[in-house]
Amino acid sequence: MSDAPVSEQQVMTPITPDITRVRTRLARNAGRALLRQRARWALGFGALLAALRPLLWPLGEDTALYLGLVRAAILAVVGFGVVASALLIAGRRRRPSALGAARAVDEALGLHEVVGSGFAFERDGRDQAGELVARRRAAAAVKGLDLAATFPLPSLRPARRPLMAASIGLTAALLLGAYDRVLAGALIAPPTEDERAAAADLDAAAQALAAAIAPSADPKHPEAPKGGHANEDEKRGPSAGPKLVEKAREAAKAARRGDRQGALGKLDSLRTDGRKQAARSADLKAALRQIADALDPPKSGGRSGAARALDPSAKAADAMRLLAKKMRSPEEAASETKESQERTLERLNRAGEEARKAGGDKGDKREQGEGKRAAESLSRAAEALSKGDREAAAQMLDQAAERAEEMERERAEASAEAEAIAAMLEKSGLLEEAIEMAMLGREGPGKPGEGESLAMGEGDGSDKPGKGSGKGAGKKGLDLRRALASRLAAIGFGDKSSPGIDGSGSIPDHHRTKREALEARGAIRAPSEVGEGERAIQAIQGLGKGSDPPKAYREVFPSYDAAVEEGLADERIPAARRAAVRKYFQSIRPVDP
Amino acid sequence: MRAKNDEGVMTNEPWASPPVLRVVNGSNVKEASAVARAPEARAVEVAANVDAAEVALAHAKTVGERLRAGLSSVIFGQESVITGVVVALLAGGHVLLEGAPGLGKTQIVRTLSKLVGGSFSRIQFTPDLMPSDIVGTSLVVTTANGGKDLAYRPGPIFANLVLADEINRATPKTQSALLEAMAERTVSVEGQPRDLPAPFFVLATENPIEMEGVFPLPEAQLDRFLMKLIVTMPDLETLTRIGARAEEPLPPSAVTFPDELLVVQAAVRRLPSAPHVERYAAKLVLATHAEKGVRYGAGPRAAQALMSCARARAVLDGRAAVAADDVKAVAGDVLRHRLGLRFEAEAQGLDADKIVLQAIAHTKVE
């Protein structure tokens with residue numbers, strides 16, 4: 001028989017479960033109370049994330065501009081949610097103890113330690129008569145306790161003034177977050193019709209270039225040959241043509257999107273790479289010609305190098321095969337003297353040197369590969385010949401001829417592309433012009449009389465001071481470049497047959513254009529580099545008639561003068577040409593009245 | 001509602017368990033249940049005990065309310081003092097009243113004695129009062145056969161309610177005679193201890209005005225009083241009512257009797273208190289030491305006094321357990337006379353009441 005106290009459950013109902021429910025409720029209330037108290041932290045963090053959207057979640061080039069606002073809103077919601085959740089969790093951790101919850105019931109019901117004492121006695125298992133009385137009264141007090149009514153949830157509804165302040169702050173943050181340079185530009189100055197048209201033209205030109213690209217030049221092309229040849233191409237690397245197409249399309253897309261700065265940057269890169277690619281055909285032709293000349297020098301009175309420059313460059317391979325044939329010929333072997341052998345060796349070495357130059361750092365991998373292989377074959381041929389092994393020399397020459405034929409094939413491909421590239425570069429120049437005019441606030445064709453033009457020898461504005469009569473600023477800028485191009489061509493800079501200097505005005509002369517080294521190959525192009533100086537389109541009254549230019553031109557010219565001097569000091573300009581360049585710029589220097 | 005416990009002694013436990021049969025087993029007498037108690041029977045017993053406890057609590061509350069109502073019917077405008085006196089009475093302690101003459105201190109005790117139905121005595125303390133004047137003395141009496149013998153004559157302290165008026169006017173020796181009796185509940189006369197009647201309640205007064213030639217009670221002696229109540233000047237309305245009363249009020253009839261009062265006091269002592277309330281009382285006492293301006297704080301006896309008075313207050317409110325609010329409510333009266341302040345604090349206008357309020361503000365229940 002046990003004398004243990006009788007279970008109090010036979011006397012009263014335990015209140016611990018009720019107190020546990022109260023505690024849970026109070027935890028929830030504490031979380032909401034803390035959130036209400038510190039709501040500004042959550043809002044502030046959300047607003048901060050929204051405002052930092054350009055750094056945290058920048059828009060890609062292909063992303064719609066309106067998504068800036070959407071992303072800012074998402075970041076605001078995420079930021080608010082994170083801090084609000086943390087506050088709710090922190091508030092819940094502030095929940096009272098079980099005894100505290102019991103005393104909270106006392107406080108809510110206006111009792112004095114009825115529930116608190118009863119809970120304490122129940123928790124400690126105290127069951128004397130007096131304690132049982134207290135526990136019974138506590139059970140009666142919590143019986144049927146309505147938690148929702150007794151402990152209402154704190155309202156999260158903010159007061160009016162804080163709500164207004166939060167709304168204003170959040171709106172400002174969303175606007176900051178939605179800000180995108182391109183979007184702002186597109187809203188303030190949407191793409192003009194000229195820009196759209198020029199972008200469409202550039203797209204079409206890129207499409208034409210894509211069609212002109214030989215399948216073998218692009219391993220990814222669907223018609224690219226598979227197997228060994230494809231492997232060879234892969235070794236050599238793909239042509240730069242597809243990259244140009246991609247860049248052109250990106251530039252057009254950026255222009256249509258309103259991203260003028262981005263479009264200009266892409267056009268600049270396109271121009272640089274396009275020029276390189278366009279020059280590839282001529283470079284290859286020159287290299288092959290040099291090799292052919294080295295193997296079979298032109299005799300005096302025969303065709304000159306300039307004339308030969310116009311011939312197809314297939315002569316290099318012929319020259320090599322011819323020489324190989326001679327190597328195999330017993331008659332030639334018998335009639336060869338030491339001097340002739342030395343001459344042959346010299347030619348081989350010179351040809352090899354020219355081939356090695358052709359396969360230098362310039363050009364794509366394919367060029368470098370073929371040129372170097374040709375140089376290696378020629379070098380081995382010379383080595384074999386010097387050892388007296390004519391047959392080996394002939395074989396090496398045959399190999400060199402194959403390399404030369406490969407180079408010729410590449411030249412043909414590049415030539416086919418060059419035309420498309422030239423057209424594309426022209427369109428890119430037009431697009432660039434349209435963009436710059438839009439940036440200057442000038443409209444396109446159809447709006448006469450706006451702005452002023454600098455027409456040197458051509459164009460308008462010579463009769464009316466300060467006024468241009470051209471149709472649209474685009475045409476006026478075009479005139480300037482044409483004039484400059486003509487001047488440069490006259491003094492030996494530029495090649496009329498080269499793309500760009502044909503009156504289409506697509507020679508780019510804007511800033512960021514790098515000047516390439518000029519080499520005397522017979523065709524000289526002179527892309528210019530213009531610094532970040534001022535641009536002034538002013539009427540030069542009476543310049544063509546020898547009268548004094550207006551004061552504004554005298555003020556603008558010194559900024560260009562410094563650039564000219566810097567350019568003249570550059571060693572990349574051939575010394576023989578410097579005087580002419582200096583003379584030209586002297587001629588356009590304003591004369592003090 | 002008295003019953004005999006297992007030893008056959010009459011106890012005051014209102015819910016004492018019924019006597020059990022004694023089983024004599026050799027030299028050892030062990031108690032054993034005569035009947036094996038089934039769980040159901042124990043449950044019934046527990047329920048009966050709980051109900052008895054409820055009844056006892058209700059009864060104690062009723063007695064306290066009657067006492068308070070009776071005092072309020074005679075004494076106007078001193079509700080807090082009346083409540084304090086009743087609380088101290090139910091807690092079984094003694095009260096020190098401080099107030100100017102004529103504020104009803106003597107009337108309170110007289111009325112209380114009528115209400116309780118016990119004996120009452122008033123001792124006016126003067127500087128020439130001797131201890132024997134309080135506790136009694138032995139006198140030479142003539143016996144029936146003409147001889148002489150010593151007979152003990154009890155002093156005025158042998159009463160249920162004792163009013164010790166202007167206790168600070170008597171010498172420390174005389175004061176200690178009273179204080180010793182208050183603490184021991186017995187007096188020793190000629191080496192022989194004599195029990196004081198039960199219940200025994202002393203209400204001592206101090207005149208705060210005429211402080212010249214007085215013997216202030218030392219702090220150690222003050223600690224023996226459960227409470228120190230301040231009798232203040234009544235307000236205008238109360239004074240008007242007092243002045244309008246032409247005749248002395250009729251003495252009220254008894255609302256209880258001494259034995260019943262003992263039962264009520266036992267019920268008060270039995271009132272349970274939760275651990276956090278007891279801890280709170282202890283923290284409050286310790287807090288009096290930490291307050292600025294305190295020379296010495298309350299001691300352990302103060303913690304006991306706090307809980308006793310809190311229990312009595314809870315019973316008066318009809319509650320089954322002591323609340324922290326009860327402790328806060330009685331803290332001022334209980335701790336006021338147990339604190340010593342620094343001179344600087346007194347110069348700044350601090351008093352014990354303010355110190356206690358600061359301690360209450362700085363002490364949390366949980």
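User: Is Leu170(A) buried, partly exposed or exposed, and why?

Analyst: A residue is called buried if 20 or more other C-beta atoms, placed from the backbone, lie within 10 Å of its own, exposed if 12 or fewer do, and partly exposed in between. Leu170(A) is partly exposed because 19 other C-beta atoms lie within 10 Å. This is a predicted model, in which local features need pLDDT of at least 70 and side-chain atom pairs count only at pLDDT 80 or more, while totals for chains, interfaces and linings use all residues. Residues are numbered from 1 along each chain as its sequence is written, and chains are lettered from A and ligands numbered from 1 in the order in which they are written.

User: Which residues does Leu170(A) touch, not counting those up to four places away in sequence?

Analyst: Two residues are in contact if their C-beta atoms, placed from the backbone, lie within 7 Å. By that rule Leu170(A) touches Leu43(A), Ala47(A) and Ala76(A).

User: At what angle do the axes of H1(A) and H5(A) cross?

Analyst: Axes are lines fitted to C-alpha atoms, for helices over the stretch in contact, and angles run from 0 to 180 degrees between N-to-C directions. Helix H1 (residues 16-37) and helix H5 (residues 98-109) of chain A cross at roughly 90°, with axes that come within 9 Å. Angles of 65 to 115 degrees count as roughly perpendicular, and H1(A) and H5(A) are therefore roughly perpendicular to each other. Among the residues making this contact are Ile19(A) of H1(A) and Val105(A) of H5(A).

Key: Helix = DSSP H or I, 4+ residues; strand = E, 2+ residues; numbered from the N terminus. Parallel < 35°, antiparallel > 145°, perpendicular 65-115°, else oblique.
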